[in-house]
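Trainee: I've got a new model open. Walk me through it, please.

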Amino acid sequence: MQKFYTTVIFTMISQMVALTTIAQNDKKLTDATLSKNKIEAHLRFLASDELRGRNTPSPEQVIAAKYLATQLRSYGVKPLPQYPNYLQPVKMKKKSKPKEVNLSYASKQFKFIKNTLLLDGANADLNQEAVFINHGTKADFDKINVKGKIAIALCGDGQTNSAQKWFRFSNEKRALAREKGAVALVELYRNQQLPWSVLVRYLAGGSSTSVSLSEGNGKPFTHVWLNDPKFQEADFWKKSKSQKAQIQITGSNIQQFDTYNVVGYVEGSDAKLKNEYVAYSAHYDHVGVGKANAKGDSIYNGARDNAVGTVTVLGAAENLAKYPTKRSALFVMFTGEEKGLLGSRWYVNHSPIALDKIVYCFNSDNGGYNDTKVATIVGLGRTTADVYIKKACKAYGLEAIDDPAKEQGLFDRSDNVNFARKGIPAPTYSLGFRAFDAEIMKYYHQASDQADNLDYNYLYKFFGSYIYSCRLIGNAATRPFWKKGDKYYEAGKKLYKK
Ligand SMILES: [Zn+2]
């Protein structure tokens, strides 16, 4: 018995020593490439006035993409065979606002923007049979033939009033309508939570052009929302079922173009674990040139948002290319985040690495900071990788804290959510903030978000914590996963067939 215990204890001690040595080694290897000068150099370039705020699309944004690709190449990060220049084309379209969106049926006329809004599509002149398809669920589309017709649906799903969900349902319905051969989709809108007047400001206000992904065959598909505050039109369609309808759209032009995600990888050092990839991601676009501030500055340089995140990924790439972890590392820097998480949405639907091989996504996105003693991890507490992130932060004198501004819905507002929805555990690593307060708003989406007003001593610790976390996750014996009961836990089980 004595011997047995001694052996057990001895094994335990030597395992602990081994673990600590590996961890200490990872810290040393992190320090080996960490450099305040390099961080500052990258940030000053990416957030320079000459890059004009890296708007999607702009020639300066392509310069930023090529700069990032050049850095990956210089570190020895490998390109994927599909993208030998590290650039993954992302198909987008730019649409100018329509002048008219006229909808008519049964001697009734509806006009833009009093009654109609254009969700998708360009100039059109349709005169077709229109058919009512309830809420336009998959089952509705299977039951009712919409081929060559205008499909008329109720907005939402009849259950929830969440406007955010209505937009998602709307995208799904449009995809179904297109797939089933409909010529257009009209949804009847009534939502007390989001009145028509607010919706008009959101969808038809602001700039005269909008940028979105150009999916499918790239052909525009007409998708209209019709204001139906009293549900009169819904009642009409429920009774009449089928009816001729006309849609005329004028003044809306569409331009197709490519922008780029920047992608590369480093093969893992372990024969088995190298088949698992950890994605390190950040968006590199920002909002471009806008309204001038009091100082006359109109360039929104986006140093915090998100040159900082982009450079953390560069820092990890440089480190992991030199000292690979057991797992393979995938580096993805997204375009079009500020236009609605476009680059990451495209990425997860066109990933050159199968999604079930990507075991974790460690995203970095930033608005600003108001506490240089912490790093804020949006999604801390939701995956089993917390222990590594906390340990890494502590090693650089920072405390890892969870998202303090849950009301902002930050987890679902950055690129990580596109990975999460597919089931991949994906928190977002951010500069330390304890509240979304005035100090953050001073820089958040402002011309003042510049590289010359950053605290580089803090950034050194912040970058060290990120890269050390990457090393610990990449070398961990077991792959991280969602904590039980998380919103995306089931999606994860499905993806990895657990
Ligand atoms: Zn932003």
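Trainee: What arrangement do the four donor atoms around the zinc ion make?

Mentor: Irregular, because their angles at the zinc ion run from 54 to 149°. Four donors are tetrahedral if all angles lie between 85 and 135 degrees; four are square planar, and six octahedral, if opposite donors are over 155 degrees apart and all others between 65 and 115; anything else is irregular. Donors are N, O and S atoms within 2.8 Å of the metal (3.2 Å for Na, K and Ca), and sites may look incomplete since water is not among the atoms.

Trainee: What should I know about the model itself?

Mentor: It is predicted: local features need pLDDT of at least 70, side-chain atom pairs count only at pLDDT 80 or more, and totals for chains, interfaces and linings use all residues. Residues are numbered from 1 along each chain as its sequence is written, and side-chain values use heavy atoms, with hydrogens and water left out.

Trainee: Back to the metal. Which atoms coordinate the zinc ion?

Mentor: Asp305 (OD), Glu338 (OE), Glu338 (OE) and His445 (NE2), at 1.9 to 2.6 Å. Along the chain the donors are spaced D-x32-E-x106-H. Asp305 and Glu338 are 33 residues apart and link distant parts of the chain. Asp305 is in helix α8, while Glu338 is in the loop between β13 (328–334) and α9 (342–349). Helices (H or I, at least four residues) and strands (E, at least two) are DSSP runs, numbered from the N terminus.

Trainee: Is Asp305 buried or exposed?

Mentor: Buried, at a relative accessible area of 2%. The cut-offs: buried is under 20%, exposed over 50%, partly exposed in between, with a 1.4 Å probe and protein chains only.

Trainee: Which peptide bond at Asp305 is cis?

Mentor: The one from Asp305 to Asn306, with omega near 0°. Asn306 belongs to helix α8 (residues 303–322). Thr56 to Pro57 is also cis, with omega near -5°. Pro57 is in the loop between α2 (36–46) and α3 (59–75).

Trainee: New topic. In what order do the eight strands of the open sheet run?

Mentor: β3-β2-β10-β5-β6-β7-β9-β4, with mixed pairing. Two strands pair if DSSP finds at least two bridges between them. The edges are β3 and β4 (116–120), each pairing on one side only.

Trainee: How many bridges join β5 to β10?

Mentor: Eight, and the two run antiparallel. Gln128 stands opposite Ala245 in β10.

Trainee: Which strands does helix α6 lie across?

Mentor: Helix α6 (residues 196–204) lies across β4, β7 (184–189) and β9 (222–227), at about 45° to β4. Axes are lines fitted to C-alpha atoms, for helices over the stretch in contact (heavy atoms within 4.5 Å). Angles run from 0 to 180 degrees between N-to-C directions.

Trainee: And the largest nonpolar core? How many residues does it have?

Mentor: 66, with Val262, Tyr280, Phe331 and Leu459 making the most contacts inside it. A nonpolar core is a set of buried Ala, Val, Leu, Ile, Met, Phe, Trp, Tyr and Cys residues joined through side-chain atoms within 4.5 Å. Helix α13 (residues 456–475) gives the largest share, 11 residues. A second, separate core of 35 residues includes Phe334, Leu355, Ile424 and Tyr496.
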